[in-house]
Every structure is written in structure tokens, then in C-alpha cells.
Amino acid sequence: MVLGLCGLGNGWRAAARLGLAPAWIGEALSLLGVAVWAAWLALYASRWLNDRKTVLFEARDPTSSFFASLAPVATMIASVGLAPHWPDVAWVMALAGLAGATLFAVWGVGGLWMGDRAFEATTPILYMPTVGGGFVAAITCAAFGMKEVGLLFFGAGLLSWLTLESVVIHRLILQTLPVPLRASLGLHLAPPAVACVAYLAVTDGPPDQLAQILFGYALLHALVMVRLVPWLRQQPFSPAAWAYTFGVSALPLAALRLTERGLEGPSASLAVPLFVTANLIIGWIALRTLGLLLRGKLLPVRPL
């Protein structure tokens, strides 16, 4: 939720800089993302205090354990959303997120290198610690004026993505994802678009060919996801649908950033249609989620 809301907020900020939208919308969405981050962080801390056995079980589960990396990753992107309004607090959040993402990536990769991992546990969730963490860390470093450090994180994220991409696709080709895990394909949608945004964040000047190549691959991923919609909808709607929103928000953001940096052509023509589509998709997911919340079905109910 935090990645999708703050990502969409950054899209509105880029649109405002291009004169396509009022600035307040991007700021409101970014602050909403920060508020959601604070709420979920408090809930997660409460689980550690009141239900530690379940949290530790999840941390050891090979399929779900990497989801915990969302804590530092969401903290980083929330810091970018908060930076224009409360820079000192945002800076502390950024440092905490950068340190947490680095430690989690080292821990996660170390576990993978020891082997004995079940084939069924190979899902797009593997991208979270190194790929998601690396690219978001690069964006965060650039937002706080540390582009040289951001390049290091971008390199770690890029090469981790290229390494894991073939592993994940190999699994997807040979063995279908179970219905409850299909929303994790939203994490497979995100890397090329987020990579393009991160690359533009840590570089200067007119966009080069690599930025356009990354955007092209992101477009391919988006079209494949559209083709898979009937198959993906076999999974009933749940908060897991927010897994799609990071990639959905990053694709138009990449196009807007390319346009902002002076690139004309296909990406500039697609920027507004992609941005409108992203707002509709994320808005629909948000309304469905609000409906679950109002009916008391957002969070699972544990038996007494």
C-alpha cells in the first residue's frame, strides 16, 4: 500500500512539474502513504509484542519470509514522500530504511546461497530484498542528494534483478503459481519500471538509450499482465492486490520522468494515458480495500 500510494504521489508530483496537474494532489497522496506506513508499522510492532510466534514462523517460511523486507523498503519510499514537509524526520527514516534494506538483503541472499530451497518457494517475492531494496534505495539516496551512493545501490539492484529474472521465469514456465500466490506477479511487473525510475534518479542530463531500454521492457511486462488478467482474477480480491500497485505507479512515473528530462517520442506520448490508467487501477483497488475495511474484513480474524 505504501509503495503504491507514494509511487502514485510521485507521479502526481512529476505531472505537476510538467504543468499537467495541481501540486497539492501529489503532496496529499504522498502524505497519505506516509500515514499508512506509520499505521502498518504500528500494527507490525504490535504483532511482535502480542503474536511473536506467528511472526517468527513467517520469518522462517521460505515463501513468505522475504515479505518482511517491505518494512525497510516502505520506510525509504515514505521518507521520500515526507522529505518536502519534514526533512529532518525524513532523513532519519531514510537512514533507517537504507540500513535495514542492506542488512535484510545480506541476510536473504545468504540464505539463498546455502541452497536446499524448494522449487515451489521460487516466486517473484524473491525480488523484494535485493531488487526492490536496491532500486528504492537508489531513488532514496538521490532524493537526499547522495547520487554516488545511489549508484552503488542501483548496481546491486540491477544485477540482482538480471540474475533472479531467469530463475523466476523458469519457475513460472514449468510450474503454475497457486491461486493464493498469483498477486505476487505484481512484484514481477515492477522491476523494469522501477529500474528506469531509479536510473533516471541517479543520472543527469537527457535520458540515454539504457533508460529507454528499461522503459521498453517495462511496457512488455505491462502488456503481458493485461493478457493474464482473466487468469489473475481467479484469485479473489484481497489486500494482496496492492502488490500490483508499485509497478502500476512506476510505469507512468518512468514515462513522466523521461518526458521531464526532455525525451520526446513514444514515452512522451504514452505518459498521460499510462498515468490516467494507473490512477484508475489504484483508485479501484483503494475503494475495494476501503470496502473490506468498512465490513471488518480487511484483517484476518484469529480464532480465540
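## Where α6 meets α8

In this predicted model, Tyr-127, Met-128, Val-131, Phe-135, Ala-138, Ile-139 and Ala-142 of α6 are in contact (heavy atoms within 4.5 Å) with Leu-187, His-188, Pro-191, Val-194, Ala-195, Val-197, Ala-198, Ala-201 and Val-202 of α8. Sorted by class, that contact has 15 nonpolar residues, one polar and no charged; Ala, Val, Leu, Ile, Met, Phe, Trp, Tyr, Cys and Pro count as nonpolar, Asp, Glu, Lys and Arg as charged, and the others, Gly among them, as polar.

As for geometry, α6 (residues 127-143) and α8 (residues 185-202) pack at about 25°, and their axes are 9 Å apart. So α6 runs roughly parallel to α8 (angles under 35 degrees).

Skipping residues up to four places away in sequence, Trp-161 touches Phe-135 and Pro-191, among others.

## Thr-140

Thr-140 sits in α6 and is buried (under 20% relative accessible area), with a value of 0%. Beyond its neighbours within four places in sequence, Thr-140 contacts Met-76, Ile-77, Ser-79, Val-80 and Ala-94.

## Ground rules

Residues are numbered from 1 along each chain as its sequence is written, and side-chain values use heavy atoms, leaving out hydrogens and water. Local features need pLDDT of at least 70 and side-chain atom pairs count only at pLDDT 80 or more, while totals for chains, interfaces and linings use all residues.

Technical notes:
Axes are lines fitted to C-alpha atoms, for helices over the stretch in contact, and angles run from 0 to 180 degrees between N-to-C directions. Helices (H or I, at least four residues) and strands (E, at least two) are DSSP runs, numbered from the N terminus. Angles under 35 degrees count as roughly parallel, over 145 as roughly antiparallel, 65 to 115 as roughly perpendicular and the rest as oblique. Buried means under 20% relative accessible area, exposed over 50%, partly exposed in between (1.4 Å probe, protein chains only).
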